[in-house]
Amino acid sequence: MSSARPRIRRTAPAGRSARLALTVPAALLAAALTACSGGAAGSAAQAGEDGKAPGTSISVNLRGEAAAPGGPVKVTLAKGKLKTVSVTAGEGGALAGKISADGRTWISERIAAPGTAYTVEAKDADGGSDSATFTTAEAEKVNKLSLAPGKNTTVGIAQPLSVVFDHPVKNKAAVEKALKVSTSNSTEGSWGWLQDYSGKDRVDWRPREYWKPGTKVTLAAELNGIDTGADGGWFVRDYTTTFTIGAAQVVKVDLDGHRLSLHRDGKQVFQAPMSGGTPGGDKASWRGTAVLMSKEGTINMRSETVGLGDAYDKMVDYSMRLTWSGMYAHAAPWNSGYFGNANRSSGCLGMSDANASALYGQVRVGDPFEITGADAKGTVAEGNGYGAWNVSWTDWQAKSALK
């Protein structure tokens, strides 16, 4: 940390001399100047002559051009009581804070961010003022993130808040503490840390049960200034997203019965014969609750991208992604002979063009697909799409870094 002194500007309270006094013994003058910087020449003598109160003088725990980020800003008044303190950043931001009960100190509620110039302005109860400036050191490495769902979207009742980090997060508790979720109806939920299918660190917030339709959700990720730990780097900005929960829709998939159905508000509104993945190997479908991740329309599906060799290379219509590993619900007219009577796909849930189109038009990203049946290769994993619903509520809570 630099030992350079904060730069101080002094202004006089109303009705006083513009040259405020530092009433300290001469032997202590050097120490006072080191902490707070110097006053105007001759000011001490003036204070002794007119008997007025001593000048306003503050010290700041951070100083110089390369102050250490990652901690709160502390402002201390040499004598008297603080009335107001403002700490503003170079780009217009500000740090809120509180004055102590004795009025001598002010501490910011948030921490100082890397690579930021700050200006401190303080006023005391007698009307005097003082100021200081400092700049924090630049971050050697910056961590970033991606958020789902997108801002101002409407999603299904199973959609979690999902945060994927560019670099490893060692200081998980500090990061999680800065992720503030608010809902319009006080929904109970919890963060859970996991590894994304990509291998990156990820944290999801899911409610205890499916969301209630109409719930409005906001995430304020107050991460600016947080060090994520070794190999992770610092956050240098905040993030936010808001979304709304849509209708209560659930797609129920029966692998053994070879049918799927869409239920809205507890009532079945659509049903179709289908063919799931071929049982007994890697081509089998997953069971458990998968969440509709995206509606991708017509896409090229190639088997080598999911480790199945050269089994297929097709343009596929009405594609609805359910996992990162490549399980979709989609149109599969080439497999029509098996709809309703056998599972013979390469892992996806195939339907006729008409039925796939009808389902595609009604489902929403975030809708759960509840998949049951013996003809499966296992349960959807937490990081393979949004598999958090396959973990008990107690076990999910245990994945929080703050529990």
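How many helices and strands are there in the protein?

## Overall make-up

The protein has 5 helices and 28 strands. This is a predicted model. Its chain holds 403 residues, and 45% of them count as buried.

Now look at how the chain meets itself. Take the contacts between residues at least 6 apart in sequence: 66% of these join residues at least 24 apart. The exposed surface comes to about 18400 Å². Carbon and sulfur atoms supply 49% of that area.

## Helix H4

Helix H4 covers residues 353–362. Its buried residues are Asn355, Ala356, Leu359 and Tyr360. Look down the axis of H4, and these buried residues fall within an arc of 135°, so they line one face of the helix.

What does the face of H4 turned away from the buried side carry? That face carries Ala354 and Gly361, which are exposed.

## Threonine 323

Find strand E24 (313–321) and strand E25 (328–331). Threonine 323 lies in the loop between them. Is threonine 323 buried or exposed? Its relative accessible area is 0%. Buried means under 20%, so threonine 323 is buried.

Which residues does threonine 323 touch, leaving aside its neighbours within four places in sequence? Its contacts are Trp286, Met293, Val380, Asn384 and Gly385.

How values were computed:
Residues are numbered from 1 along each chain as its sequence is written. This is a predicted model: local features need pLDDT of at least 70, side-chain atom pairs count only at pLDDT 80 or more; totals for chains, interfaces and linings use all residues. Side-chain values use heavy atoms; hydrogens and water are left out. Helices (H or I, at least four residues) and strands (E, at least two) are DSSP runs, numbered from the N terminus. Buried means under 20% relative accessible area, exposed over 50%, partly exposed in between (1.4 Å probe, protein chains only). Contact means heavy atoms within 4.5 Å. Accessible areas come from the Shrake-Rupley method with a 1.4 Å probe; for residues, only the protein chains shown count as cover. The arc is that of the directions from the helix axis to the C-beta atoms.
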